[in-house]
Amino acid sequence: MGDSLEMLGSEASMETETGIKSDFCLEIDPPLRETVATAEDWRRALDKVVPAVVVLRTTACRAFDTESAGASYATGFIVDKRRGIILTNRHVVKPGPVVAEATFVNREEIPIYPVYRDPVHDFGFFSYDPSAVQFLSYEEIPLAPEAASVGLEIRVVGNDSGEKVSILAGTIARLDRDAPHYKKDGYNDFNTFYMQAASGTKGGSSGSPVIDWQGKAVALNAGSKTSSASAFFLPLQRVVRALSFLQKSIDLCTDKPKAVHIPRGTLQMTFVHKGFDEIRRLGLRTGTEQVVRHASPPGETGMLVVDSVVPSGPADKQLESGDVLVRVNGTVLTQFLNLENLIDDGVGQIVELEIERGGQPLTVNVSVQDLHSITPDHFLEVSGAIIHPLSYQQARNFRFPCGLAYVADPGYMLFRAGVPRHAIIKKVANEDISCLADLVSVLSKLSRGARVPLEYMSHTDRHRKKSVLVTIDRHEWYAPPQLYTRNDSTGLWDGKPAIELAAVSPPIGINGLPISQNIPLCHHDTDPMHEFRGVTDTAATMGASSGDGYQNDFGSEAKKQRVEDDSSDGTVANASLYGSELKSDDAMETDNTVLRDYEGATAFSANASLAERAIEPALVMFEVHVPPSCSLDGVHSQHFFGTGIIIYHSSSMGLAVVDKNTVAISASDVMLSFAAFPVEIPGEVVFLHPVHNYALIAYNPSAMGPAAASAIRAAELLPEPALQRGDSVYLVGLSRNLQATSRKSIVTNPCAALNIGSADSPRYRATNMEVIELDTDFGSSFSGALTDEQGRIRAIWGSFSTQIKYSSTTSEDHQFVRGIPVYAISQVLEKIITGGNGPALLINGIKRPMPLVRILEVELYPTLLSKARSFGLSDEWVQILVKKDPVRRQVLRVKGCLAGSKAENLLEQGDMVLAVDKMPVTCYNDIEAACLTLDKGTHSDENLNLTILRQGREMELVVGTDKRDGNGTTRVINWCGCVVQDPHPAVRSLGFLPEEGHGVYVTRWCHGSPANRYGLYALQWIVEVNGKKTPDLNAFADATKELEHGQFVRIRTVHLNGKPRVLTLKQDLHYWPTWELRFDPETALWRRNILQALK
């Protein structure tokens, strides 16, 4: 176990481990040297050193190996002024793609590029152009590893705790401390000693020079212990060797830079230095100890012992933990430095190791491997995942062979399947994966939308393999798979397509077949079996008989007709994707057998209610995943579960309704699992109601096969009469294992007005809604439907999201469930089936005009008439409103208008809405009914005549309404790693848009991006780019297209709190091209378009 309190210097937030390692040591240190330096000596030394120390701002553009993507600051110092070389830590240089700048003490900033990072030890080099530093006189800091000694007074000069220049004093206490252990699954140095001093360095000081009074660097600051002032310094002997190779390589480059090769060897094993007392307990013979002590330098107190061996490495099966190293090539060797010198100079050769194992002498010959050959220099980026060969670092941590397909970041596709970070991929689509090339080969054979098994292993459960289903992205959430390779000449990682375009299979639709461009336009349901009344059809009403006496309304002729229609439809799924295909008669008989068996296995229990039996064939479980690349509209999670109800089911289309806390945005992947039959198929979001808390999801019945399609049935909606207080209803839903559950409940409040406050990050919240409350339910996570005794749907039992704020800085997301009346659902459903008045949307290969919803973009809340009197409401109006609604006895008041709406400058907060078109209003439904009346009218009037009470004065106002579709946000732009969109309704409901032309809204940002580096975070509008106003996405796209790679951009933003800000950002098109994601209604797919990238 490592020290729980040790941390990398620039990573103050790193996770710690439990357990504390003892630093108890009986060895005798060399005598202390007398310090003769005066204050003047230190002043002269620091005057020379400080100008050569730079603040490093590094951005890891991708997760790689042991490092996550993100921005951080650290320290470096000039070790070669003429050649432009900066020394710092390896964990600062990063093993993967990095973009960095160095800032000198006079605030000159220059770009720097990585030229070397050691695979094992914590040091690396950046390169810069010396001519770029124009206004500062500075000198390089010489390296003097031989000057380090116990008792030496030192100064650590660097960027400690974010301070630009910090000078910390200390005294070297140890030269032979074990390498600090930071994390079990992260970077750790090994096979070296470290120095220790009580200098108290903190985050940001990584890479600082540890200098003596002469201004020479005697060590490199690397880490610290949070529980004390102890700091850990890396000795510089290996740094001096690497710098020498680097300088020679640069001198040989006369025309253009080339990759630097610094010979490094490895046996793929870890040694630890143990004292003679402990080694004797391991079985070291007395004679051997005498030989070693005699041949070692004075003061030697121990020997090297094998700690671990990487599987399949050169030393595997030959050496094992506990072996004591005696000689290498006939020479007694007890120090890490001597061992590394021999191995680094012997790459490709055989070394002879003499060891003792439990007191028995052994001699083994081991081949020295090139360390760089097992250091990954390429990675695959697919669906946001970063996969590369397993590095020596992680192979040592996890005890897996080097080179396996290692998941540095699961991204979206693997996260959706449940594959964690640090996983090792073993199989995909039943093909073995032994390296990254195998994975690329398998992916090239898979089409979009395909679902294949994946097998992986985890270091936390290494003895068992886990199998999951991976779904290849059907939508273009991410760029096609890219293969990045490190270019040591430029310091960049060059990307290219991992799969040739010709090898990519066409995308798969939700029917399981390639998407066709020849799509008919349908203005109503063309299913010959369609029967809308009752919100069902013959196919939907064929419930599965399970021997319980329940009879459907149609006989065997209807069942036969359904099977014939399905078999002739021709749009069934491919078996490799969704488990069904075009079937022969024998296959059809097998399907029927499966259906009968499944019906028998899921027979209703004896105490199941009639409502539960009737509604179970219409129950469906939703699993929803939201890609991080398009987490729009403030969606607060990436993964949702919930129960929905099938409300339409025919041979050509199925529709299910679910709450918007399960399906929050249209940019998501939806999977449906049915209670009536064991099948799982994808669905597509076709309608998100702009006000009410429900979404409609379409699925293709042909994708599930005839047997499943015949077992599933649409529920019957019963919007009238409305539920009343005291009515008995059945709450029916699904458990996670798809078991129907029901409970008889009593309606306690059929018209409870919701009052949900805005979240810290604005997202959809139900407004202007009345919901149904029950006396008992199944808890806040159980959703489903409220039915009558015959199983007819009276309301959807849906989930609502809210945020509880404990203080100005502390809040917590919560959810609750309430009943949602079905009248609004039935209205929209009828328009979808018969043909709406809005743009067409492709659903299962048929274009269907979708409905538009007319709304008054005003947030209202009810006030009791008894309180309204105090605000000036007259007795006459009180009587009118009581007569209109003797139950509610309330009046609606204006809470606020949506910014940019037609009502914004007309209605004011606190206005009482008394009547619409001279008709009294007392509830939200009255407002909706008035909007519906406008749509049904023959004239084109879009205004409502409102009678309001404002500050005791009655007024007549003409207020415009707005039409909204059910698509939600359909376009987003990713620029420099920040995701921007038009302000969504939850943002507009705050009542504020910037005066500078509204602007585009930053909804999220990406780790490791320029937005992360320069602080362009979410919850603000971008209103100007280099002085050009950006009122909408088109203007923003035009403004950013003119920007060059590497150009600094001046951005004006306005935060949600109204605070303006101007910041600068450096555009990086190499790692972060500008792209947009649009929903294409012609293909029902989200399409990705590159707006600007490097040629």
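Guide: Start with a charge. The charged end of Arg743 lies over the ring of Phe778, 4.5 Å from the ring centre. The criterion: NZ of Lys or CZ of Arg within 6 Å of the ring centre and within 35 degrees of the ring normal. Lys660 does likewise with Tyr764: its charged end sits over that ring, 3.8 Å from the centre.

A word on the basis. This is a predicted model, with local features needing pLDDT of at least 70 and side-chain atom pairs pLDDT 80 or more, while totals for chains, interfaces and linings use all residues. Numbering runs from 1 along each chain as its sequence is written, and side-chain values use heavy atoms, without hydrogens or water.

Now ring against ring. A pair of aromatic rings is described by the distance of the centres and the angle of the planes. Rings of Phe, Tyr and Trp (its six-membered ring) pair if their centres lie within 6.5 Å; planes under 30 degrees apart are stacked, over 60 edge-to-face, the rest tilted. That rule gives 22 aromatic pairs.

Take Trp477 and Trp1086. Their ring centres are 5.9 Å apart and their planes stand at 40°, so this pair is tilted. Trp477 lies in the loop between strands E28 (461-471) and E29 (482-487), and Trp1086 in strand E61 (residues 1085-1092), so the pair ties together parts 609 residues apart in sequence. Strands here are DSSP runs of E, at least two residues; helices are runs of H or I, at least four; both are numbered from the N terminus. Trp477 and Trp1086 are both buried. Buried means under 20% relative accessible area, exposed over 50%, partly exposed in between (1.4 Å probe, protein chains only).

Next, Trp1005 and Tyr1017. This pair is also tilted: 4.8 Å centre to centre, 50° between the planes. Trp1005 belongs to strand E55 (residues 1000-1005). Tyr1017 is in the loop between helix H20 (1010-1014) and strand E56 (1020-1025), twelve residues from Trp1005. Trp1005 has 23% relative accessibility, so it counts as partly exposed. Tyr1017 is partly exposed at 35%.

Ring pairs also join into a cluster: Phe64, Phe379, Tyr484 and Trp493.

Finally, the setting. The protein has 21 helices and 61 strands. Of its 1095 residues, 57% are buried.
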